[in-house]
Amino acid sequence: MKKQVIKALSLLMVVMLLAGCGGQSASSGGSAGTPAAGGGTAPTEGTAASVTVEDDTLIVALDAEGATFDPFNFADLDSGFLVRAVHEPLAYLDSTNPDGFTPVLAESWEYLDNQTIRLHLRKGVKFQNGEEMKASDVVFSIKMAKTKGLVSPVNWKNLDIENAKIIDDYTLELKTYEPSSFTFAWLLSEMVNIVSEKAYTEQGEKYGRNPNGGTGPYILTDWVAGDRVTFTRNENYWGEKPQYKTMILRFMVEGTARTFAVESGDVDVAYSCPTADLKTLSNLENYKVIPQKTSGVNYLFINTQDKYLKDVRVRKALSYALDLDTMVPIAYNNVGKVAFSVFGPSAPQQIKPDLVYKKDMEKAKALMKEAGYEDGFDLKIIITDRSARKTLCEMMKNAWAELNVNLEIEVLELSTILDLTMKGDYQLTIMAEGGFHGEAWRAFLHSDGVNNYSHYKNARVDELFDLAVKTADAQEGAKYYNELQNICAEEVPMLPLQYDEILNVLGKDLYYSVDPTYNFMAARFYYIRHK
Amino acid sequence: MAKISTPAIMAFQINQEKRERIFKKKNDSTDTVSVPLWLESWRRLIRRPTATLGMIIFLALVLMALFPSLIAPEGYDNQQYTKLFQPPNAQNIMGTDNLGRDVFSRVLYGARYSMGVGFFAVIFALLIGGTMGSIAAFYGGRADSIIMRFLDIVLSIPSILLAIAITSILGTNIVNLTIAISISSFPHYARIVRAAILSIKELEFVEAARAIGASDTRIIFRHLLPNAMAPIIVQATVGLGGAILSCAALSFIGLGIQPPLPEWGTMLSAGREYIREYWWLVVFPGMFIMLAIFSVNLFGDGLRDALDPRLKQ
């Protein structure tokens, strides 16, 4: 009797164990079936991973769920994915194009003087609510973007939207308060998505959940919070229609979940897969891995007002002690590039400064001695819970130990870190920042910069930013930005560590019909085509 | 103060008799040869193979935690960028991690943090909980109600959630982690101590102590607590496993011990990114977490049986 009970119990335990192991595949199989019910055939059949080919559905795995479709009310990249599926900007940044942009809703533009731009809008573009796009909608959208100012309020400041002139339904003129080479470039680089004034004002607060005022190629049909949003093709789209009738964005927060989804063939595209899975993903037969350049640069921000770190010799010594060529590939699993300039690769003004720090312990020790810190001191670095950053910090701790600098690592929430850095109540931190134009770094390096985490003050740097932004001559601008990058290399208010890349995975036969050089473009999944 | 109606000496004798009746009832051999309680429990403990096994593993881990440098072939933060992700081999028996550090050495040093935090968390919890429990039990009435209702409130918050909240408020370091774990677990100790003391506080030896003028503190700490030790020790042992696990769990989610210190949960957390390619980064720390808790639980179970007078053969 007792034996039988034991047997029965062991059997039960084995069954439970097996059930536990099988859970993963069972659940993912189940969720793969659900979208099939919505449109077309199931993306997977059996265990063989096969990407959707004939069916009309494109499934994309994203790393986070956005909060809203409201183009003027979001500050996170994740909402950007949602907004950009339905709305379009005036133009895209495009490094392959001679003047740096690809026209979208603005067909062309010309500069009347260094303070005025005239935009010619595309004719016959219909919003999803059936209205035709007019110059008044564009002015309304720019006005909204400026008032909300969610993306970098400083850059909007110079735009004189009150004096915008509507010449006819398809032509308008915009002015700036002061001459600037940057404001219009900023305006054209996807910073404003155009909505129908009627649709947006009618819906008010509700627009974020029911976005019917965009011109984009997809229309929102369903939003299951925490799981997915579903789009249907906009049959009245003005441009080349997307190939897929249905597009589904699935939210998979855990990185490995996205890798698993790719491996089991549940998705066609996965955005930002874990770099540690590079090898696994590269070995998949039906997918290709695309290391996607981003505008992000990982920096070591140094509080230049700190007791020890205010001494430029100390900052240089710390930089010389780091062997970034070894450390960065280890920390980021060979994804991304070792940084050399304070400007990111997405800024056209980026140069290689005269001084790029290479490991030189002798020099580092000499500088520390000169500064009077031969015996070292204690430093603390605050970082968010990201494995690459933790690994970097562990390596820094080891490297700086040779200078007798003892590094303490503290992991904190991003909001706490932002709070401490803005107050200047910190010594070191690692954060990713970036931009599409030299002017974007004003925020970090200008003494009045809104994100001057380093609390860096240099009159010449301030002056250079002002000179560069006021000149219309790109050559002259470049000269100022070159000097600026060289000063930052010498004074290290922030040490660039890595030019970030993310790993996007695409089905083998899929491709973007445009050049998705930077992350905003890659986020417009409607450009994905099947060969 | 209770009324003193019996001479103290008499009460003390009665107390002794009662004690014998409670702890050694129906025992014929101890009438002549008196064996101390601890020795007898010890004998009963080592007669159980599972408990002995648990104890041996546990002692081995404690030795690891105390003297890691004697066994570990390398330091815990000895980064060697030329040998990253080496699988287990003769030189590095548990392989190396993403910075070329010897996983075996890190696991050994990790015992110090994981078990140390667990140990001190239990001590603190016992101190806070024990004091509150004995005050509640000894004074009864309103003190009891207030303390126990307070503990009920604390108990109604999931302990891991409470620990997370405390570490996020205090900041993440070893001391705060220990405090967080002990605060989240002390009500259990308070309850055990209260129950144990309630069961003996009406006995005559307490009355006797009172009769000879012992203060409340003395009665609680010299008379009541030593006699209520058995269930407390058992709870502490079992609680140690829970505390080690909480420490690892909090470190895993980044709220505990910070890198590069090699706490087991931190190692698991750092290694999970590489789990698909380099299994040894998570398997070994995970195995040691399991071993520690398994041994503590076996030992705790054995101890409970050994200290339980009803199970005496």
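A network of salt bridges links A:Glu394, B:Asp77, B:Asp97, B:Arg101 and B:Arg106, where a salt bridge is a side-chain nitrogen of Lys or Arg within 4 Å of a carboxyl oxygen of Asp or Glu. The model is predicted, so that local features need pLDDT of at least 70 and side-chain atom pairs count only at pLDDT 80 or more, while totals for chains, interfaces and linings use all residues; side-chain values use heavy atoms, without hydrogens and water. Residues are numbered from 1 along each chain as its sequence is written, and chains are lettered from A in the order in which they are written.

Over all chains, the count of salt bridges comes to 35. Side chains of opposite charge can pair when their charged atoms come close.

In chain A, a salt bridge joins the side chains of A:Lys198 and A:Glu131, at 3.3 Å from N to O. This pair links distant parts of the chain, 67 residues apart: A:Lys198 is in helix α6 (residues 197-203), and A:Glu131 is in the loop between β6 (116-121) and α3 (135-148). Helices (H or I, at least four residues) and strands (E, at least two) are DSSP runs, numbered from the N terminus. A:Lys198 is partly exposed, at 42% relative accessibility, and A:Glu131 is partly exposed at 31%.

A salt bridge is also formed by A:Lys358 and A:Asp325, whose closest N and O atoms are 3.0 Å apart. Because A:Lys358 lies in the loop between β15 (337-338) and α11 (361-370) and A:Asp325 in helix α10 (residues 324-331), the pair ties together parts of chain A that are 33 residues apart in sequence. A:Lys358 has a relative accessible area of 44% and is partly exposed; A:Asp325 is partly exposed at 41%.

Beyond its neighbours within four places in sequence, A:Leu174 is in contact (heavy atoms within 4.5 Å) with residues including A:Ile117, A:Leu119, A:Ile142 and A:Phe184.

Methods. Buried < 20%, exposed > 50% of the residue type's maximum accessible area, 1.4 Å probe, protein only.
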